[in-house]
Amino acid sequence: MKMSRRKVRETIFLLLFRIEFNTPEELQEQMGWYFDERPDMEDEDRDYIKRKMEDILGHLPQLDEKIHSICEGWRLERLGKTELAILRLAVYEILNDEKIPVGVAINEAVELAKIYCSEEAPRFVNGVLAKLA
């Protein structure tokens, strides 16, 4: 069964969250383990997620710079790791993935924040990303 776009995005977010806790080599290992635990995942989904993760990782300095410039007065280290992973994914989608409308990227980021973050996070994520729209 092919994964929904929302589930693919959530998977990428969960993998991005691991960046803060692993070296690049360890992150590759973590991704391998993640996929090993999901043998029923279709190859198409697995390949798409891997490609998107590699592209996001390749753009990480630019993404962090953009997030920093939007979050006036906030250093990235002050952001929660969950919020940072959500923002990295959404900023990547807004700036680098023309297949995803800006409104969809923002809405999906807010939905992830509702699930994985504190009560204040969805409004914060929305406010930050709205500055890119």
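**Entry 1: α3 against α4**

I started with helix α3 (residues 43-70) and helix α4 (residues 81-96), whose axes come within 9 Å and cross at roughly 100°. Housekeeping before going on: this is a predicted model, where local features need pLDDT of at least 70, side-chain atom pairs count only at pLDDT 80 or more, and totals for chains, interfaces and linings use all residues. Residues are numbered from 1 along each chain as its sequence is written, and side-chain values use heavy atoms, with hydrogens and water left out.

My helices are DSSP runs (H or I, at least four residues; strands would be E, at least two), numbered from the N terminus. An axis is a line fitted to C-alpha atoms, for helices over the stretch in contact, and the angle between N-to-C directions runs from 0 to 180 degrees.

I therefore file α3 and α4 as roughly perpendicular to each other. The cut-offs I use: under 35 degrees is roughly parallel, over 145 roughly antiparallel, 65 to 115 roughly perpendicular, and the rest oblique.

Next I listed who meets whom, with contact meaning heavy atoms within 4.5 Å. From α3 I got K52, D55, I56, H59, L60, L63, D64, K66 and I67. On the α4 side they meet L84, L87, R88, L89, V91, Y92, E93, L95 and N96. Sorted by class, this contact of α3 with α4 has 10 nonpolar, two polar and six charged residues. For the classes, I count Ala, Val, Leu, Ile, Met, Phe, Trp, Tyr, Cys and Pro as nonpolar, Asp, Glu, Lys and Arg as charged, and the others, Gly among them, as polar.

**Entry 2: α1 against α3**

Helix α1 (residues 5-17) packs on α3 at an angle of about 45°, and their axes are 10 Å apart. That pair is therefore oblique.

V8, T11, I12, L15 and L16 of α1 make the contact with D45, Y48, I49, K52, M53 and I56 of α3. The class tally for α1 with α3 is eight nonpolar, one polar and two charged residues.

**Entry 3: is T11 buried or exposed?**

I picked T11 in helix α1 and found it buried, because its relative accessibility is 2% (buried is under 20% relative accessible area, exposed over 50%, partly exposed in between; 1.4 Å probe, protein chains only). Setting aside neighbours within four places in sequence, I see T11 in contact with M3, Y34 and I49.

M41 lies in the loop between α2 (24-36) and α3, and at 9% relative accessibility M41 is buried. With neighbours within four places in sequence left aside, M41 is in contact with M3, Y34, F35, R46 and I49. I also checked M41 against K2: 39 residues apart in sequence, 7.8 Å apart in space, C-alpha to C-alpha.

**Entry 4: α1 against α5**

The axes of α1 and α5 come within 11 Å and cross at roughly 65°, and this crossing is right-handed. R6, R9, E10, F13 and L14 of α1 make the contact with V104, N107, E108, E111, L112 and Y116 of α5. By class I get five nonpolar, one polar and five charged residues for α1 with α5.

**Entry 5: how many aromatic pairs?**

The count is three, with rings of Phe, Tyr and Trp (its six-membered ring) pairing if their centres lie within 6.5 Å; planes under 30 degrees apart are stacked, over 60 edge-to-face, the rest tilted. One of the pairs is F13 with Y116, tilted, at 4.9 Å centre to centre and 50° between the planes. F13 lies in helix α1 and Y116 in helix α5 (residues 102-116), so the pair ties together parts that are 103 residues apart in sequence. F13 is buried at 1% relative accessible area, whereas Y116 is partly exposed at 31%.

Then I looked at F17 and F21: their ring centres are 5.2 Å apart and the planes are at 55°, so this pair is tilted. F17 is partly exposed at 28% relative accessibility, and F21 is partly exposed at 48%.

Y116 and T11 are 105 residues apart in sequence and 13 Å apart in space, C-alpha to C-alpha.

Notes. Left-handed = near helix turned anticlockwise from the far one by under 90°.
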